[in-house]
Amino acid sequence: MRELKAQLKHMKTRGPWNPDAGFVARGKDTLLSVIRSSRRDRPMPESALPLDRLRVAAHLLFPSALQHALRPAFGIFVVGAVAISGWIATVSAAYNSIPGDALYQVKRAAEKTQEAVVSVTGSRSDKAQLHLEFATRRAQEVKQVLAQKNESSGDKKEAVAVAVDSLEKSIATAKDSVNEANKKEPEQTLVIAQEVNQKSSEIVSALQEVSKDSATSANPELVKKVAEAAKLVNDTGIAAVEAVVEKQASGDISATDAKDVVTKQIEAIAESSKAVNAAAANVQTIASSTVVTLLIASSTPSLVVTTTVSGSHGSSAAVDAKATADAASASVVQAVQKVTETAAAAQGAIQEAKNLVESNQLFKAIQEVKKANEATQGIQQVVDEVQKVVQAAKDVKEAMGVTGAPTGAATTTITVTTTVSAGAGTTATTTKK
Amino acid sequence: MVKGKLEEKRLLYLVQTQKDADAFAELYRLYIERIYRFIFFKIGDRSNSEDIASEVFLKAWNYLSDADRAPVQSFSGFVYQIARNAVVDWYRDHANAPVSSIDTVQEVSIVSTADPAHAADQAREMERVYRAIKKLKQEYQEAVILRYIDELSISEIAVIVGKGQTAVRVTLHRAMKKLRDTLNES
């Protein structure tokens with residue numbers, strides 16, 4: 001037997017069962033050529049971060065099962081090492097800071113550190129959950145900025161705009177992370193959807209408060225951004241829930257769990273729809289007021305005379321004002337009608353979705369949720385159009401030097417009623433004499 | 001051995017996470033001879049064995065560099081599995097191909113010109129062992145080649161063949177006994 005083993009060992013270096021040296025060399029060159037032409041490879045950079053080397057070391061030292069179990073501990077280890085420098089005390093103090101505060105940059109830097117740690121030690125699902133948490137914080141910050149009382153209106157307006165911008169970006173990042181996690185870690189689909197449900201409702205709730213604030217509703221750009229943020233949140237939620245429903249259909253997730261996430265998504269869409277309706281009502285109230293003022297101004301003789309005398313284009317300005325007011329008035333009326341119809345459609349879809357969930361038709365329920373979401377977006381578009389018209393009317397008002405209700409001999413009575421039904425129904429009646 | 005295993009793990013990690021072509025080239029260098037031998041013992045033909053071996057490494061790269069695939073923990077087990085499957089595919093596509101024979105004597109003699117007679121004896125003996133191995137069933141062939149030609153450890157072989165170490169030892173014992181009996185008969 002020993003002799004046989006020796007013979008076998010000898011076969012390693014001799015015999016046609018060993019590859020030709022030329023073949024080995026050619027094979028390597030060909031392989032590298034094919035690889036490099038088909039993909040862009042990224043060799044580890046010379047100046048790799050210490051964290052990268054730590055990751056490779058962890059991968060080598062620990063068996064894969066242990067690596068997975070140790071991930072949270074590893075993350076804590078790294079964060080703890082950073083804390084030794086006293087950083088963590090500053091980070092704690094910065095936690096409640098908002099845009100404009102001295103420590104706000106510290107807060108954002110700490111979040112970047114968290115993100116880096118999760119990238120190294122966490123899964124894609126962990127990363128998605130972290131991004132959702134960040135998006136929630138951005139939403140809370142917008143609320144806090146709006147609530148500030150001691151800022152000048154100009155500073156506050158700027159701070160709110162920056163905060164909303166930040167919010168939109170963080171929601172977009174969270175959406176990408178969630179989509180990636182669902183693709184690469186399908187076993188985490190339910191966990192991700194549940195996290196999205198929870199965070200979405202927190203974000204939408206914050207956005208609702210932001211929408212209601214008068215500082216927001218007076219700023220068309222801000223209203224638009226808030227609506228875009230809400231859309232992103234809803235799109236993310238719907239995509240996550242859709243993934244759950246697909247997994248439930250293939251038996252990987254229980255019907256109870258799937259129904260639960262779908263129900264929560266329906267509630268989120270209903271809340272979002274309310275928020276948009278409320279914003280629409282605010283804008284239409286402002287629009288009506290502006291249009292009414294302009295209508296009165298454009299038909300007040302004293303003002304027309306004044307305008308004719310004072311401006312070289314006085315008489316055409318008055319005519320323009322009337323035309324603008326008429327067009328604006330027509331737009332507002334049309335907008336009210338459209339918003340009413342669309343809000344009713346959204347409400348109908350939401351109710352239908354609820355019924356379908358009751359009868360365990362989850363796929364169809366998701367389709368109704370999408371319809372409700374689209375209808376809600378439709379309302380926002382109408383609001384955008386109305387705001388443009390209102391802005392045009394305001395411009396004309398300013399050109400005429402009209403700042404408030406005009407005085408003069410002429411008397412005009414106009415009643416404008418705006419109604420938004422289904423959801424946040426409001427009735428605003430403006431009477432001018 | 002431990003250092004070699006760690007290095008292999010490091011290379012595999014770089015390929016999977018960073019699509020590092022140089023790391024993969026190093027894995028190719030470490031495994032090409034073994035994989036070629038593995039294939040050759042099953043196919044018996046140099047040209048086809050070269051083609052299949054090249055194909056195996058290209059498949060390995062395509063899998064490892066695809067982020068959507070499940071990560072591989074052991075390159076050894078992974079690449080041998082691809083090789084095994086590639087051989088099965090080859091036989092399916094070439095069911096009627098004639099079995100080519102090798103001329104071991106000539107190939108070995110070219111190398112050993114100092115003592116041609118001894119070289120020829122050695123060559124004939126190696127050919128005899130080769131043919132005896134070929135007569136073994138696949139499971140025994142693989143065990144003998146991996147253990148006594150490639151000099152892998154029992155634990156490494158266990159990963160490659162997907163069995164426990166005890167089962168591998170038992171298989172090896174039976175395989176060598178069968179090989180010896182076959183050689184004695186010839």
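**Reading the interface and the cores**

Student: How many salt bridges does the rule find across the interface of chain B and chain A?

Tutor: A salt bridge is a side-chain nitrogen of Lys or Arg within 4 Å of a carboxyl oxygen of Asp or Glu. Across the interface of chain B and chain A, that rule finds two. A:Lys12 forms a salt bridge with B:Glu151, with 3.2 Å between the closest N and O atoms. This is a predicted model, in which local features need pLDDT of at least 70 and side-chain atom pairs count only at pLDDT 80 or more, while totals for chains, interfaces and linings use all residues; side-chain values use heavy atoms, with hydrogens and water left out. Residues are numbered from 1 along each chain as its sequence is written, and chains are lettered from A in the order in which they are written.

Student: What area do chain B and chain A bury between them?

Tutor: The size of an interface is often given as the accessible area lost when the parts come together. Buried area is that loss with a 1.4 Å probe, summed over both parts. Here chain B and chain A bury about 4400 Å², 67% of it on carbon and sulfur atoms. The contact (heavy atoms within 4.5 Å) takes 52 residues from chain B and 39 residues from chain A.

Student: Which residues of the largest nonpolar core touch the most other members?

Tutor: A nonpolar core is a set of buried Ala, Val, Leu, Ile, Met, Phe, Trp, Tyr and Cys residues joined through side-chain atoms within 4.5 Å. Buried means under 20% relative accessible area, exposed over 50%, and partly exposed in between (1.4 Å probe, protein chains only). The largest core has 69 residues, and those touching the most other members are A:Leu8, A:Met11, B:Phe24, B:Phe57, B:Phe75, B:Ile133 and B:Leu179. Helix 2 of chain B gives the most to this core, with 15 residues; helices are DSSP runs (H or I, at least four residues), numbered from the N terminus. Leaving aside neighbours within four places in sequence, B:Leu179 contacts residues including A:Leu4, A:Leu8 and B:Ile133.

Student: Is A:Thr236 buried or exposed?

Tutor: A:Thr236 is buried, as its relative accessible area is 4%. A:Thr236 lies in helix 11 (residues 220–249) of chain A. Beyond its neighbours within four places in sequence, A:Thr236 is in contact with A:Lys175, A:Val178 and A:Val196.

Notes: Buried area is the accessible area (1.4 Å probe) that two parts lose on being put together, summed over both. Helices (H or I, at least four residues) and strands (E, at least two) are DSSP runs, numbered from the N terminus.
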